[in-house]
Amino acid sequence: MIGVFSAVVSQSRLTRIRLVTIDNPAFRVHYRLTFAILLACTTLVCSRQYIGEHIRCIASGVPINVVNTFCFFTATYTLPDTNHSAHPGVGPVQWDSRSVRHSYYQWVPFVLFGQALLFYLPHLMWRSYEAGTIALLVNGLQRLYLKADGDQDVAVPGAPNIPSEATRWAKMREVMNHLDTVTRFRLNRNWAAVLIGCEVINLVNVLFQMKLMDKFLGGQFYGYGLHAFDDDSKLFDRVFPKMTKCDFHKFGPSGTMQTHDAMCVMALNIINEKIYVVLWFWFVFVLVPVSVAALVWRGFQYALHSRESFNRLLLRESSPGTRLDPVDLAIIARQTTYSDWLFMYYLSGNMDGAVFRDLLHSFATGLRKEPGSQDSDDDDTAPLGKAI
């Protein structure tokens, strides 16, 4: 079993270190952790090495392999009103018996795989819109390397390319030009809206999938996890019966119809019931502490991003150990939209702290010199750490 999960983790690249982040941890819970969990569940359901054959039936007068195949691909049934029998739901069929047919087990791996794709879709949408802009801008600025001007870039096999001082400042000039362009012409006005829209899609997706699983399990999923640890709960036997019945019809020697009453062992449901218990608790966790909390935090950001104290707290948190100029933070807070501010916030999380401090100071100085700025008449001769 460890081999199955390790194979899924390696295929989904969970262990790959990402040097550039374009979203928040809540987003990554959806398209990385939940995606991997659903893929692991799909692999586990399709694997026969732990449970053997998915179904085994007992019938007389008919080849067992034929009955097994027929009952798995058609449907089996249980009798919920049967109380005194060898197994729950299995007993003699009376004329007034109300049977419950079970055919969902054929679709479990397909549904789980489709759910995994739905959790990855919002990330794919956001990555397509962002188009690697942040990675392109911060490439080479994630770490501060102290090299003298004029030194050549050195390519070391197996190590990241270390930019020279001149290369680093040229890269910062490129980032500054980009920030100036997107701020002046409002090119980033939809950046935050698309990101938050994808986060809303994440929340809607969780709600939709919980509704889908409830419909898939016959209206039993919403309360499924609440009875997971009840010793006398019969919910698992109703939703995932281990013993079912199946009727196989064939013609006898005289041409009359013969009905063979088969009793089937559903070994697959041992795995299914555990999978949906795990998914119930995981989906509740992803819904409330992750998705809802992430959107509430976005609301706080939107309401407080224009406050200098909030900027100081958040930008210093994204660039730990960096002393940011309060005047620069005040200018950024007053003269940028939330979308530009959010873009700057993600830049700060992907840059070295000292590099971002110089970038923030240069950007704030440019905003202060713009015509119409309330700071344009102030003394703006304060020296930069290095001219850009």
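These legends accompany close-up views of a predicted model. Residues are numbered from 1 along each chain as its sequence is written, and side-chain values use heavy atoms, with hydrogens and water left out. Because this is a predicted model, local features need pLDDT of at least 70 and side-chain atom pairs count only at pLDDT 80 or more, while totals for chains, interfaces and linings use all residues.

**View 1. Helix α9 has a kink at L287.** Helices here are DSSP runs of H or I with at least four residues, strands are runs of E with at least two, and both are numbered from the N terminus. Helix α9 covers residues 268–304, 37 residues that should span 54 Å at 1.5 Å a residue; the expected span is 1.5 Å times one less than the number of residues. The end C-alpha atoms of α9 are 52 Å apart, which agrees. Look for the kink of about 30° at L287, shortly before the proline P289. A bend at a residue is the angle between axes fitted to the seven residues ending there and the seven starting there.

**View 2. Helix α4 bends at Y120.** The bend is about 30°, and the proline P122 follows within four residues. The 23 residues of α4 should span 33 Å at 1.5 Å a residue, and the 34 Å between the end C-alpha atoms agrees. Buried residues of α4 include P109, L112, F119, P122 and W126, where buried means under 20% relative accessible area, exposed over 50% and partly exposed in between (1.4 Å probe, protein chains only). Their cover includes α2, α5 (133–138), α7 and α9.

**View 3. T42 sits in helix α2.** Is T42 buried or exposed? With a relative accessible area of 10%, T42 is buried. Its side chain reaches the backbone oxygen of L38 at 2.8 Å. Leaving aside residues up to four places away in sequence, T42 touches P109, L112 and F113; contact means heavy atoms within 4.5 Å.

**View 4. Strand β5 pairs with both β1 and β4.** Two strands pair if DSSP finds at least two bridges between them. Strand β1 (residues 56–58) runs antiparallel to β5 (residues 257–265) over three bridges, and C57 stands opposite C264. Strand β4 (residues 243–251) is also antiparallel to β5, over nine bridges, with C246 opposite A262. β4 and β5 form a hairpin with five residues between them, and G255 in the turn has a positive phi of about 90°.

**View 5. The largest nonpolar core holds 52 residues.** A nonpolar core is a set of buried Ala, Val, Leu, Ile, Met, Phe, Trp, Tyr and Cys residues joined through side-chain atoms within 4.5 Å. Which residues touch the most other members? They are L112, F221, Y224, I275, Y276, L279 and F283. Helix α9 gives the most to this core, with 13 residues. Not counting residues up to four places away in sequence, Y224 has contacts that include L235, F236, Y276 and W280. A second, separate core of 35 residues includes L315, M344, L347 and L360.

**View 6. M351 lies in the loop between α12 (338–350) and α13 (353–369).** M351 is buried, with a relative accessible area of 7%. The C-alpha atoms of M351 and V20 are separated by 9.0 Å, although these residues are 331 residues apart along the chain.

Terms used: Polar contact = N/O pair within 3.5 Å; in protein donor to acceptor, adjacent residues only side chain to side chain.
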